[in-house]
Amino acid sequence: MRLKPSGYTPLMLMAQTCALLGFACYAVVLTTLQDEWHLSNLQSGLIASAFFFGYMLMVPLATALTDRIDAKKVYLVGGLSATCGLLGMGLFAYNFWTALIFMALNGVGLAGTYMPGLKILSDRIKTGELTRHIAFYTAFFGIGTGFSYLCSGWILNSFGWRYVFGIIALGPFTALLIVLLFIPALTHEKWQGPIRIRLHDIFPVDKWRLVLQDKTASGFIFGYTVHSIELFASRSWIVAFFGFCAIVTGDPFLLSATTLAGVINFFGVPASIIGNEIALRIGRQKWIFFVMLSSAAFGVALALSTGQSWWLIVALAIGHAIFIMADSSTLTAGLVISAKDNIKGAAMGLHSLMGFGGGLLGPAIFGFVLDLTGSRASQISWVWAYASVVVWGVLFVLYERRNGWVSGSITSRS
């Protein structure tokens, strides 16, 4: 029985949740590996960044190919890569360098599933409000990462860090099966014929230049980049931060650091969906500016809260998570709507490439600043580390306000 177009969305949301179960595995075991492998904060951050390096390495090819072949094929390869990367971490990683390799392979897998999954939806949904489907899809990033923290924490406490990666590898493999078995292939002539891979397909510079010449589209891309610096730095280090708070506060808390990080991530889901609805009413740029400044304020306040009562720390962490994610779907939906159809795949590829480039920089910058200013056992180091990743959003707002970034009459289209 063939699904209605809207029926693909629940399937892709389920697949994305499964594919993202490996996202927070390393964040959960970061302090464990830091002690076992004698890693510096910079090395720990670089391993987290390797995940995003693998993503950046693959995403130009993965998304450019979705302009020429059915994104379903790209998704299947991505799911297999993520499965192999997680199994490699669980079975074969034993030091800094081997972890870099397998985390990069895991990132390659995400590149083959995240934006191609969005392309699967946009190719099949031709009626209704597409931005709302996009908003749900991007918001479910928080569902997947939230479950990733929860499941990884439970497995770590019960079995050990190698089992975290080994068991969680079932997640992207399940996503692969969902798309393989339940998403039908497209039959339009666009998807027929041999696949010829050229350097220009991997790095479509001409198309990227056209995208960047569009002031509206490029604004969404640069905004997504600075958004990702803060988002992925926070998600990579949040468990370690809660561990530091527990030591400084000295009071037991109802939830473990990993469970707390997972629960807080879920707050980003309604924030992203509701944020898109607000942006549709007041204007995307106005909403993005407000959210980025608020997120920066909450990030610094969170770092300053160490040593205070748990309720204040948790409240600030929830506020930070909400405002980090409140412009996520707005940025992605804005790019999808503003990009021309003939370069939409390349535009989505550049958007994802630069966004996860921010993800590559964020955890490394955070760890480097921790080392530079003391250590992860010093409150002032955490303050400087958080400030080093939230400042980019503030600079983006100041720059774009000065240069008059406005969307004009961007309207949603089916």
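Modeller: Buried residues make up 61% of the 414 residues in the protein chain. Keep in mind that this is a predicted model.

Biologist: How many helices and strands are there?

Modeller: The chain has 19 helices and zero strands. Its radius of gyration is 20 Å, close to the 22 Å from the globule rule for 414 residues, so the chain is as compact as a globular protein of that length.

Biologist: And what box do the C-alpha atoms fill?

Modeller: Roughly 65 × 50 × 40 Å, along the principal axes.

Biologist: Switching to aromatics: how many pairs do you count?

Modeller: The count is 26 aromatic pairs. One of them is Phe-23 with Phe-232, a tilted pair at 5.6 Å centre to centre and 50 degrees between the planes.

Biologist: Where do Phe-23 and Phe-232 lie?

Modeller: Phe-23 is in the loop between helix H1 (8–19) and helix H2 (25–37), while Phe-232 is in helix H12 (residues 215–249), so the pair ties together parts that are 209 residues apart in sequence.

Biologist: Are Phe-23 and Phe-232 buried or exposed?

Modeller: Both are buried. They also belong to one aromatic cluster, with Phe-51, Phe-52, Tyr-114, Tyr-137 and Phe-141.

Biologist: What's the relative accessible area of Leu-180?

Modeller: 40%, so Leu-180 counts as partly exposed.

Conventions: Residues numbered from 1 in each chain as written. Predicted model: local features only at pLDDT ≥ 70, side-chain atom pairs only at ≥ 80, totals over all residues. Heavy atoms only, no water. Buried < 20%, exposed > 50% of the residue type's maximum accessible area, 1.4 Å probe, protein only. Phe/Tyr/Trp six-rings, centres within 6.5 Å; stacked < 30°, edge-to-face > 60°. Helix = DSSP H or I, 4+ residues; strand = E, 2+ residues; numbered from the N terminus. Rg over C-alpha atoms; globule rule 2.2 N^0.38 Å.
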